[in-house]
Amino acid sequence: MFNRLPPGHLRDMSDRISTLTALPGALAHVAGLRRDGYLFWENLRRRRDTSVISTRLLHEEITVVRGADAAEFFYETDATRRSSALPTGLVGPLFGEGPVHMLDGSAHAHRKQMFNDILGAAAVAEVADGAARRWSEEAARWRGEVDLVARTAPLLLEAACSWVGVQLPYDDRERRARDMLDMVDGFGAFTVRQARARRARRRTDAWITALVEEARRSHPGGQTPLEVIARHTDEDGVLLPAHTAAVEVINLLRPIVAVSWLVDGLVRAVDTVPALRAEILSGEVTAFEMAQEVRRTYPFVPFLATRVVEDLRWDDVTIPAGTLLVLDVWGTNHDPRTWRDPEVFDPTRFRITPVTPYNLVPQGGGSRYEGHRCPGEDVTLAILAALAGPVAALPATVLGPPLGVRRMPPQPACRVQVTAGTAPARDVTPDR
Ligand code: HEM
């Protein structure tokens, strides 16, 4: 079965030739990234007729690779480091200072174990059930024009806070959720969006740091994720600074709210491909397949970077020590060598091409236990799978222009017109 998206779905997916060649390379790439967004590296690969791109981006020598084999190389070589890959100035508003994302070796393994312990099966079920229940209750009341992302984010934050053990007064839901969205939206952006992200980060850090300190004073043996992180010690047995513990608590809350973008993807897919609603509700397409295909096709994380610390070789190209090795996430998820008709939204494609640790990398690749792969992948999939049925049952049409692939990440807004209350959602089992 093929569910073809009309050509306008990803409206700027055409291969546009750069008109900025007069700029010096490093600057032309910045301008090109802003102009071509997620397609930038693919367009450059085609123009240079090469699979590996070695170039400069601002003051960095970078090598960009894509595809399942390249993802394996990116994750499995020992000769790279995350701690020196990206400056705090760039990633600070998104991840905070001193996050697990930027640790290496045993320090990373020790902190990551904490995340993996916290994000077990019970947590996955609690968050997904909480999110789906809140979303269905609230969606049943939606009428007329609704900003889907703005309405979904507070519900996801509520579900996340309830699980993490963070008190969230009802009146604070929207502004706190907006801050979470802004921290993500500012990544890699300049001027206004980045300034907004910094303010959101400062407010959120202050809020959660106070809660970490309170947990240390009042609940030193508590079992909520907040309390577990609050008493976490590093590999030398030293308590994390309260601010760092807060950063890691936020690294649970913020990405759950960020799933709002993928809910936007679910709604758009159901809106654009007429047969999908019925196929989801009848079980012909499973909720889990929908979740996977939305993660594959939705333009979200564009690429990942790590610092090469010894000379490496990939695909006959030497990558000198000091280079930034970049994995083109979008390019890997749309690599035609792995995914047939990669631009087509086809949730049944995984029946033909099974997912491996490296061919589908919207949340990183390799092992979530030994490497940097996202420990929240099961939560993300479970939320999306739990929402597939309710979304299919929502009598809504998307308003405004189709999703583009230029802005990174897409505008955190999606207006839908809800024509009546939700049809009763059939029980759609999020089976694998
Ligand atoms: C919108 C859905 C999500 C996307 C697209 C996403 C994407 C990613 C990506 C690309 C990475 C980096 C992988 C790498 O560096 O190799 C990552 C890491 C991480 N994610 Fe997610 N994620 C999502 C949801 C979640 C959720 C729900 C949680 C927790 C509740 C979470 C927590 C983390 C943490 C703690 C890391 C750092 C892992 C490490 O460095 O070892 N993410 N995520």
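The sections below treat the ligand, then the pocket, then the salt bridges.

**The ligand and its shell**

The structure is a predicted model. In it, the ligand is surrounded by 27 residues, and the closest of these are Tyr75, Arg82, His108, His372 and Cys374. By class, this shell comprises 16 nonpolar, 9 polar and 2 charged residues. Helices α5 (105–118) and α11 (242–272) each contribute at least two residues to the shell; the largest share, 7 residues, belongs to α11.

| Residue | Ligand atom | Distance |
|---|---|---|
| Tyr75 | oxygen | 2.5 Å |
| Arg82 | oxygen | 2.6 Å |
| Gln363 | nitrogen | 3.4 Å |

**The second largest pocket**

Two or more lining residues come from each of α3 (68–76), β3 (80–81) and α5, and α3 provides the largest share, 3 residues. The lining divides into 4 nonpolar, 10 polar and 6 charged residues.

**Salt bridges**

Side chains of opposite charge can pair when their charged atoms come close. The structure holds 31 salt bridges. One of them joins Arg66 to Glu42, with 3.0 Å between the closest N and O atoms. This pair connects distant parts of the chain, 24 residues apart: Arg66 lies in the loop between β2 (60–65) and α3, whereas Glu42 lies in helix α2 (residues 40–48). Arg66 has a relative accessible area of 15% and therefore counts as buried; Glu42, at 19%, is likewise classed as buried. Both residues belong to a network of salt bridges that also includes Arg45, Arg46, Asp328, Asp335 and Arg337.

A second salt bridge is formed by Glu248 and Arg111, at 2.5 Å from N to O. Here helix α11, which holds Glu248, is linked to helix α5, which holds Arg111, across 137 residues of the chain. Glu248 and Arg111 are both buried.

How far apart are the closest N and O atoms of Arg217 and Glu214? In this salt bridge the distance is 3.0 Å. Because the two residues are 3 apart in helix α9 (residues 191–218), about one helical turn separates Arg217 from Glu214. Arg217 is exposed, at 60% relative accessible area, while Glu214 is partly exposed, at 34%.

Notes: Residues numbered from 1 in each chain as written. Predicted model: local features only at pLDDT ≥ 70, side-chain atom pairs only at ≥ 80, totals over all residues. Heavy atoms only, no water. Near = heavy atom within 4 Å. Polar contact = N/O pair within 3.5 Å; in protein donor to acceptor, adjacent residues only side chain to side chain. Helix = DSSP H or I, 4+ residues; strand = E, 2+ residues; numbered from the N terminus. Nonpolar A, V, L, I, M, F, W, Y, C, P; charged D, E, K, R; others polar. Salt bridge = Lys/Arg side-chain N within 4 Å of Asp/Glu carboxyl O. Buried < 20%, exposed > 50% of the residue type's maximum accessible area, 1.4 Å probe, protein only.
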